[in-house]
There are 2 protein chains.
Amino acid sequence: MDEPRIWTAALLVIGDEILSGRTYDKNVAQIGTWLNLQGIRLREVRMVPDVMEAIGEATNALRSRHDYLFTTGGIGPTHDDITVDAIAAALGREVVVHPRARAILEEFYADRGGLNEPRLRMARVPDGAELIENRFSGAPGIHVENIYILAGVPRIAGMMLDALTGTLEGGCPLLSHTLGGAIQESEVAGLLEATEKAHARCQIGSYPFFREGRPGANFVIRSDDEAALAACTTALRAGLEALGKEVVDGGV
Amino acid sequence: MDEPRIWTAALLVIGDEILSGRTYDKNVAQIGTWLNLQGIRLREVRMVPDVMEAIGEATNALRSRHDYLFTTGGIGPTHDDITVDAIAAALGREVVVHPRARAILEEFYADRGGLNEPRLRMARVPDGAELIENRFSGAPGIHVENIYILAGVPRIAGMMLDALTGTLEGGCPLLSHTLGGAIQESEVAGLLEATEKAHARCQIGSYPFFREGRPGANFVIRSDDEAALAACTTALRAGLEALGKEVVDGGV
């Protein structure tokens, strides 16, 4: 059987506040989960500060290596919001005011004090770009070439993802099934490796945890093939039980 | 006045579970905050899957560009824990069993079922490496060249950071002061930019939020100079109040 084509994406998280530790990023998990539902694998993330050269270099490295590049952060109205300028420069495109974005912002701010100059900054896009709808706060996301430029605020980024759902070409979602319990991974490491090797197109990840002072682990079986996933899960469960372990089925 | 030398670090987060969205990363914020207290700036983060080539390529790119490289994840006892092998290969070093790590694990597992082969994997290090103490679960972190290899579990990574506190050469911590309130950033964007320009060695970041359906923002003033930070904070506060805004002092 031919291996299906795998579609990949990268994510570039832009913002001093992430690197300083002030703000916890939530977009990696949100976008990784959403991409998988579109049949696209998030393969690489980079986080850079609000610096033109750093954004541009990462943009060019990532857009050429993956089918899609998503970015979050730096598209607001203030002087530290330089994502559009940095990406336009990286693509060799001019920055222009998008007429539809301007109209959206004029309407959004009509009863909120009007469209002043900082707000108009949020209508600026790399020349030739399309808009991504933002039902929450007006200012749209931006799609140019294979790049999707989203807001940094997770709730707004999530609404932009909603607007993109079903519009990107992808392949098979990666399916997963979790087995776990109060099991030390070092007691079952051989079983995990042997079970993975015996099941083509399956990977098994082992993720230890501590609860109430006791070690445990979750074993996540992943495959893009439903039957292979089920067979591997059944085999791993049987193997763990044969070693006398009590298995908790964490489901798909 | 001469600009002080700025020490920089990168962080490489290793693990399929981060990219799939299954696990929220907490190490970026933890390590970014800790590094700043050591006088070191976290300048770049990359997240890659459990793949030898991806880990090796990121390791070599990041270790040469920064004073320090930290990694998290992939140093446990199972087959998907390949961080040590990938970094050793990237450095052109052999993987060896560290005698002191072996002794630590023998003692730790003495009354926990003994040191089996998977557990012994956690004593493997790139040749010439030193250990980073792990008071929580035995298996140590690893220091080789300018690379610090930490566990992925945030609580264990945090204990390894404790063990490293005060041992890395750094410069001035970046100080910060936060002013905020129910202020739309697009109404004060010009003030933010002008205030930043008028205060050398200060940056102002603007971070919008929504609370109880109302827009607001935090303005974070950052500087490595205490007097400059205080002057810039005072000026921004006065400027906001002159625009009729009620300012909440978020403190340092």
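## A strand pair in chain A

Let's start with one pair of residues: A:Arg211 has A:Arg214, in β11(A), as its bridge partner. The two strands involved, β10(A) and β11 (residues 214-223) of chain A, run antiparallel and share ten bridges. Helices here are DSSP runs of H or I with at least four residues, strands are runs of E with at least two, and both are numbered from the N terminus. Strands pair if DSSP finds at least two bridges between them.

A word on the model: it is predicted, so local features need pLDDT of at least 70 and side-chain atom pairs count only at pLDDT 80 or more, while totals for chains, interfaces and linings use all residues. Residues are numbered from 1 along each chain as its sequence is written, and chains are lettered from A and ligands numbered from 1 in the order in which they are written.

## The sheet around it

In chain A, four strands make an open, antiparallel sheet in the order β10-β11-β9-β12. At its edges sit β10 (202-211) and β12 (248-251) of chain A, each pairing on one side only. From one strand to the next, the twist averages 20°.

Helix α8 (residues 189-198) of chain A packs on this sheet and touches β10 and β11 of chain A, with its direction at about 155° to that of β10(A). Axes are lines fitted to C-alpha atoms, for helices over the stretch in contact, and angles run from 0 to 180 degrees between N-to-C directions.

## Where the chains meet

Now for the two chains together: 46 residues of chain B are in contact with 47 residues of chain A (contact means C-beta atoms, placed from the backbone, within 7 Å). On the chain B side, α8(B) gives the largest share, eight residues.

## A closer look at B:Asp67

B:Asp67 lies in the loop between α3 (52-65) and β3 (68-72) of chain B.

Leaving aside neighbours within four places in sequence, B:Asp67 is in contact with B:Trp7, B:Thr8, B:Ala9, B:Ile40 and B:Asn146. B:Asn146 is 79 residues away along the chain, yet the C-alpha atoms of B:Asp67 and B:Asn146 are separated by 6.8 Å.
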